[in-house]
Amino acid sequence: MSRDRADPRCRRSRSTLGVTRTASPKLAVYATLAAASLLGSLVLGRPELAALAAPLVLVLAVGLGLADEPRLTVGATLERARVAEGDEVALDLELGSDRALEQLEIFVSLPRGLIRRRGTAADTIRLQKDERRTIRRALRAQRWGGYRLEEVLLRTRSPLGLVVHEGRATLDAELRVYPREETLRELVGSRETQVFTGNIVSRAKEAEGIEFADIRSFVPGDQIRRINWRASARWPGLWVNQLHPERNADVILFVDSFEEARREDEGTLDMAVRAAATIARRYLAQRDRVGLVGFGATLRWLLPRMGSIQLYRIIEALIDIEISLSYAWSGIDVIPRRVLPPRALVVALSPLLDERSQRALLDLPARGFDLVVVEVSPIPFGPTPAGPVEELARRLWELKREALRSRYERHGVPVADWRAGTELAGAIEGVNAFRRYARRARAY
Amino acid sequence: MGAVIVLAFALSSARPRTVAWAFALLAGEYVISLEIQGDQLDRAAYVYAGLFLVAGELAYWSLELTVVRPESTALIRRLVAIVLVAVGGFALAFVVLAASALGSGGVALTAVGVAAAVGAVALVAGLAVRARQSP
């Protein structure tokens with residue numbers, strides 16, 4: 001089935017399961033005990049053992065006689081293909097059988113990052129002969145990312161539990177989980193702005209914006225639609241509206257994906273992606289152009305553009321960023337020049353763990369880019385020092401990081417330390433404060 | 001008594017293989033008790049057989065319930081099935097015991113017993129072969 005763009009639901013997949021039939025442990029035990037009792041009865045001449053075996057034989061006969069193999073079908077649909085972190089999404093499973101099933105057990109294999117809202121890992125339902133029934137289960141998206149629900153296992157037992165029929169079906173359902181927003185009160189102001197018309201940088205020094213500035217006398221060449229008729233009726237002559245020129249910034253989000261520090265379900269990359277999505281949304285809302293560079297073993301980029309569609313392009317690209325091991329050296333040179341337009345503001349989100357990203361970020365101000373670094377601190381994710389030696393090693397590491405920060409600041413690059421559990425707004429305020437202070441220092 | 005302790009441990013820790021050994025021990029304990037009482041027919045053997053079956057059904061049902069939680073109607077239906085099977089088991093065991101008490105058996109009855117034993121052994125062997133062949 002093709003995906004309908006207007007329908008946000010994931011496509012429905014339906015398949016008939018190949019069923020395997022296995023003997024339950026109970027069948028083996030009953031058969032063994034019955035055989036042993038009957039043999040024992042013959043050998044020892046004890047009819048009591050034959051009486052002991054008789055009920056077991058009865059269960060075997062009845063149970064195996066009722067153990068017909070069912071023909072199962074399963075279909076899966078996700079309520080939505082895109083949700084935000086922490087949101088819930090419903091998974092509808094349509095199940096059918098050609099025979100009556102007293103107890104059909106359903107196990108959906110969930111990838112890490114998705115959990116059942118409540119209840120056990122499995123469900124059981126009862127199906128009548130030729131019945132199709134839909135069950136709905138709520139899933140919670142714990143972490144941003146792209147997920148694929150691949151498999152569902154169905155299991156049914158014969159009426160007396162002697163035979164187990166199992167089948168596996170491929171679900172092929174995709175879910176994209178968008179990162180949640182961080183708290184952000186103000187943005188980093190770009191030192192250089194440009195004049196835009198849509199996504200095209202204007203060649204004119206002044207271009208028409210949409211914000212009213214003033215009125216002036218009409219001169220030949222002015223557009224008729226700019227005439228302010230109210231003012232023209234009040235004063236002699238024609239008067240036209242003057243608008244503030246549209247001046248916007250190019251902002252490039254630089255997400256370091258060489259390395260991350262991680263503890264359990266949270267890491268520096270998680271924080272960086274959430275921050276990047278939040279910052280992109282805010283800059284795009286004020287009609288700036290935003291691009292993206294995912295700098296790591298796999299290089300990803302998006303050219304800077306405006307608009308809400310660009311926001312979704314950025315978020316989709318962020319979701320696909322992951323840490324992968326690589327020893328290959330990478331520098332700024334590998335990034336296409338169109339991705340880093342001149343005079344762009346580069347907002348780097350990095351734990352500053354990998355030397356390649358440290359060097360690349362130092363190259364940027366040398367090439368004339370306006371750089372700010374939000375250091376996603378790896379310190380909270382490190383192991384807790386167990387003794388004095390480890391404590392000393394940790395302090396040395398922190399001092400080394402202080403020295404790295406100072407090196408950036410000597411080049412005029414503000415570095416804000418952002419730790420897990422604190423607001424991103426605090427880090428951005430630190431960056432802005434540095435830039436204000438740095439301007440005053442140059443004035444002296 | 002030892003078998004009961006083993007069964008209790010097996011059910012509390014949800015170990016199907018240990019449950020199997022517990023029932024083997026139960027059957028073994030019964031055989032020993034028969035040998036101790038001599039040639040006298042145990043007239044309550046059908047009761048033991050029925051209770052043995054009920055214990056087995058309840059034990060394996062409790063193991064299934066540790067994996068999944070079925071609907072309440074399914075629970076009731078399974079309970080009814082166990083009761084029916086238990087009644088049938090009691091009845092069949094009584095018939096077998098009564099038949100053995102009526103006469104010395106005869107060739108025909110012995111042949112039936114041998115056939116039943118061979119059939120049961122063949123079933124076990126078939127299960128073992130299929131278990132070895134399955135991936």
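Tyr48(B) is partly exposed, with a relative accessible area of 25%, where partly exposed lies between buried, under 20% relative accessible area, and exposed, over 50% (1.4 Å probe, protein chains only). Tyr30(B), by contrast, is buried, at 6%. This is a predicted model, in which local features need pLDDT of at least 70 and side-chain atom pairs count only at pLDDT 80 or more, while totals for chains, interfaces and linings use all residues. Residues are numbered from 1 along each chain as its sequence is written, chains are lettered from A and ligands numbered from 1 in the order in which they are written, and side-chain values use heavy atoms, with hydrogens and water left out.

Rings of Phe, Tyr and Trp (its six-membered ring) pair if their centres lie within 6.5 Å; planes under 30 degrees apart count as stacked, over 60 as edge-to-face and the rest as tilted. By this rule there are eight aromatic pairs over all chains. One of them joins Phe23(B) and Phe52(B) edge-to-face, at 5.5 Å centre to centre and 80° between the planes. Phe23(B) belongs to helix 2 (residues 16-37) of chain B and Phe52(B) to helix 3 (residues 45-65) of chain B, so the pair ties together parts 29 residues apart in sequence; helices are DSSP runs (H or I, at least four residues), numbered from the N terminus. Both Phe23(B) and Phe52(B) are buried.

The rings of Tyr30(B) and Tyr48(B) are stacked, because their centres are 4.2 Å apart and their planes at 10°. This pair also links distant parts of the chain, with Tyr30(B) in helix 2 and Tyr48(B) in helix 3 of chain B, 18 residues apart. Phe23(B), Tyr30(B), Tyr48(B) and Phe52(B) form one aromatic cluster.

Technical notes
Helices (H or I, at least four residues) and strands (E, at least two) are DSSP runs, numbered from the N terminus.
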